[in-house]
Amino acid sequence: MVERHIGLSIFCHVVLLIGAAAVCMPLYFAFVAGSLTVGEVQQVPFPLVPGSHFVENTVLAWNEGQFSRLYVNSLVVTVGIVTGKLAVSLIAGFAVTYFRFPFRMTAFWLIFISLMLPVEVRIIPTYEAVADAGGPLRALFDAIGLTGFIADRTGYRLDAALQWNMINSYGGLILPLIASASATFLFRQFFLTVPDELCEAAKLDGAGPLKFFWDVLLPLSRANIAALSIILFLYGWNQYLWPLLFTTEKAMATAMIGLKDLIPVADAQPAWNIAMAASFFVMAPPALVILLMQRWFTKGLVDSSK
Amino acid sequence: MPASNAIMINREGAATRPRFPLRRSLGSLVRSSEVGLKASHFRRPWLAAGLVAPQLLILLFFFFIPTWKALSLAFVQVDPFGGTMIFVGLDNFTTLFSSPEYRDSAILTLWFTVVQCLATLAIAGLLAFATDNVMRGRAIYKGVILLPYAIAPAISGVLWAFLFNPTVGPLAQMLHELGFAWDPNRRPFDALLLVSVAAIWKHVCYDYIFLVAAFLAVPPSVMEAAAIDGARPVRRFLTVTLPMAAPTIFFLIVMNFVYGLFETFGIIDTVTRGGPAGSTNTLVYKVYQDGFRQLDLGSSAAQSVILMAIAVLFTFLQFRAVERKVNYQV
């Protein structure tokens with residue numbers, strides 16, 4: 001290797017220590033604040049040593065914010081996003097790379113276009129789509145006259161049956177976030193690198209497409225699936241805008257929204273100690289994932305940007 | 001039989017290809033072309049249709065229909081109480097562009113995104129350079145610096161809102177002691193600075209991961225050659241490592257812009273809610289404000305359309321960046 005300089009080495013350690021301190025400083029102050037009483041948290045100057053009420057504040061925050069319920073919601077939504085997106089995109093990626101069928105390129109381009117627009121830019125129409133998921137179907141059946149036809153013959157109101165409101169439901173929290181093709185694209189790219197001989201061999205042995213997918217392709221994709229699940233887990237758990245819009249009932253909110261509700265507003269008592277204690281258990285799951293699975297996480301991050 | 005139909009169109013398209021280029025591109029949509037198809041593949045059209053169907057259905061309901069609605073809403077006026085819609089053409093856009101509020105929001109967004117982008121890149125670059133030049137403790141430094149990636153933008157917002165809260169925040173108290181009249185609830189510049197700091201703190205780790213990987217990918221032989229020629233570490237970094245990492249840096253600039261534009265909603269909502277006096281009301285936050293708080297659906301949709309155009313532009317740049325990155329690393 002090239003030569004080394006003691007001076008440079010020291011400089012670099014100092015830079016890294018400052019960087020690490022800058023990362024930890026807000027977390028440390030949050031911990032200190034979370035371990036004080038309401039009175040102590042307002043004193044000037046702010047104490048630099050943690051108090052002794054951290055567990056107490058955590059329990060208080062957990063109960064006050066109904067986190068038993070919100071944590072379950074967050075878990076259900078996150079697991080739903082991870083499994084839903086993986087399942088949908090694995091089979092879609094498989095179909096567009098391993099099958100010759102009419103409209104294959106149309107399907108590919110339709111999927112590809114959806115990479116262009118992040119969800120944030122279509123907030124309001126997506127809200128409508130979730131609030132009235134049956135709307136497009138109703139319009140379609142109206143247009144082709146099916147609604148009137150069925151109502152005349154059987155008296156069954158098709159348009160009444162197609163009122164699906166997904167506000168305050170797990171479906172409403174999960175489905176719009178699955179509607180992006182980034183994972184499909186990732187798996188397509190990976191499948192293209194899989195040697196052709198594997199498929200030939202599977203065919204010679206008489207395996208059908210589904211057997212090939214299940215017994216050959218899925219085991220090969222294990223590393224990609226693991227890496228992507230981590231990224232999707234962080235993405236799902238840290239969602240903020242959608243739960244904010246799609247949940248009007250407290251019982252259907254996610255942990256992130258619960259935390260937001262604990263932040264003291266201008267006129268209320270500044271209970272920052274409760275909010276800071278809560279922030280720790282809300283950020284714990286993704287932080288643990290990153291610390292324990294750093295290698296997979298880095299791979300997932302670099303892969304998913306290709 | 002849809003399958004045989006498609007093949008007919010396919011043959012037609014192929015026959016007329018030389019004369020009608022447009023027809024050809026339409027034909028390539030319908031034809032089951034070979035692009036991106038494995039040499040060894042299956043021919044089970046119905047099974048394939050079943051496998052892509054879930055993805056396409058979800059996209060239809062939660063991507064294509066909403067996008068179409070946003071596009072069509074941008075050209076109408078909706079009254080917030082009833083369902084009446086009047087077609088107004090480009091009126092929503094002209095009012096938008098002539099409103100000083102929107103112009104302020106656009107300028108502010110640009111300022112915020114550029115500052116955030118450059119600061120993030122510079123800090124991440126310095127940290128990555130340092131990581132590249134230390135032998136001991138690399139894994140620990142990396143682990144700590146990566147931590148904010150796990151933390152949601154909203155939580156980053158909460159943490160910094162607390163640190164700089166003018167009454168209880170420890171850092172705000174320090175600023176007050178130093179004689180600064182720090183108050184992000186009243187002073188627009190303070191609010192903007194606070195949001196920027198929270199956004200940068202959250203995003204440095206992302207750039208850092210990519211830069212560490214890019215610096216590591218520089219071939220040791222090139223570095224050694226530069227060392228033999230007498231270049232010291234800093235000079236080697238500036239004249240060898242940085243140019244070789246240029247495609248990654250370009251990619252990161254694009255990604256930082258995307259992050260600053262679209263993913264900072266959580267930070268702004270928890271720290272300032274767009275205030276004071278609209279000083280942190282970025283374009284994405286304004287869409288939410290106008291649509292859900294003011295219920296001005298037409299204007300909000302027109303803003304969405306503008307954001308969509310920006311997003312498409314950045315996606316395009318991102319693909320270019322990725323292409324260049326791949327070519328460079330051969």
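Tutor: A nonpolar core is a set of buried Ala, Val, Leu, Ile, Met, Phe, Trp, Tyr and Cys residues joined through C-beta atoms within 7 Å. Please bear in mind that the model is predicted.

Student: Which residues touch the most other members of the largest nonpolar core?

Tutor: The largest nonpolar core has 172 residues. Helix H9 (residues 188–216) of chain B gives the most to this core, with 18 residues. The residues that touch the most other members are Trp160(B) and Tyr208(B).

Student: Why is chain A described as more spread out than a compact globule?

Tutor: Along the principal axes, the C-alpha atoms of chain A fill a box of roughly 75 × 70 × 30 Å. For 306 residues the globule rule gives 19 Å, and chain A is more spread out than a compact globule because its radius of gyration is well over that value, at 26 Å.

Student: How many helices and strands are there in chain B?

Tutor: Chain B has 330 residues, of which 43% are buried. Among its contacts between residues at least 6 apart in sequence, 66% join residues at least 24 apart. The count for chain B is 15 helices and two strands.

Student: Which helix gives the most to the side of chain A that touches chain B?

Tutor: The two chains meet through 97 residues of chain A and 92 residues of chain B. By class, the side of chain A that touches chain B has 71 nonpolar, 15 polar and eleven charged residues. With 14 residues, the element that gives the most to this side is helix H1 (residues 6–34) of chain A.

Student: Is Leu146(B) buried or exposed?

Tutor: Leu146(B) is found in helix H6 (residues 138–146) of chain B. Not counting residues up to four places away in sequence, Leu146(B) touches Ile290(A), Gln294(A), Cys205(B) and Ile209(B). The C-alpha atoms of Leu146(B) and Cys205(B) are separated by 5.0 Å, although the two are 59 residues apart along the chain. Because 22 other C-beta atoms lie within 10 Å, Leu146(B) is buried.

Student: Is Phe191(A) buried or exposed?

Tutor: Phe191(A) has its place in helix H11 (residues 182–193) of chain A. Its contacts, leaving aside neighbours within four places in sequence, are Gly93(A), Phe94(A), Thr97(A), Tyr98(A) and Leu217(A). Since Phe191(A) has 21 C-beta neighbours inside 10 Å, it counts as buried.

Student: How many other C-beta atoms lie within 10 Å of Thr95(B)?

Tutor: Thr95(B) lies in helix H4 (residues 91–98) of chain B. Its C-alpha atom is separated by 8.4 Å from that of Ser299(B), 204 residues apart along the chain. Thr95(B) is partly exposed, and the number of other C-beta atoms within 10 Å is 14.

Student: How many residues of helix H14 (residues 283–293) of chain B are buried?

Tutor: The buried residues of H14(B) include Leu283(B), Tyr288(B) and Gly291(B). H14(B) is followed by Leu295(B), whose phi is positive, near 55°. H14(B) is mostly covered, and of its eleven residues the buried ones number eight.

Student: What ipTM does the predictor give the complex?

Tutor: The mean pLDDT of chain A is 83, and 94% of its residues reach 70 or more. For the complex, the predictor gives a pTM of 0.82 and an ipTM of 0.83.

Technical notes
Residues are numbered from 1 along each chain as its sequence is written. Chains are lettered from A and ligands numbered from 1 in the order in which they are written. This is a predicted model: local features need pLDDT of at least 70, side-chain atom pairs count only at pLDDT 80 or more; totals for chains, interfaces and linings use all residues. A residue is buried if 20 or more other C-beta atoms lie within 10 Å of its own, exposed if 12 or fewer, and partly exposed in between; C-beta atoms are placed from the backbone. Helices (H or I, at least four residues) and strands (E, at least two) are DSSP runs, numbered from the N terminus. pLDDT is the predictor's confidence in each residue, from 0 to 100. Two residues are in contact if their C-beta atoms, placed from the backbone, lie within 7 Å. Ala, Val, Leu, Ile, Met, Phe, Trp, Tyr, Cys and Pro count as nonpolar, Asp, Glu, Lys and Arg as charged, and the others, Gly among them, as polar. The radius of gyration is taken over C-alpha atoms; the globule rule is 2.2 Å times the number of residues to the power 0.38.
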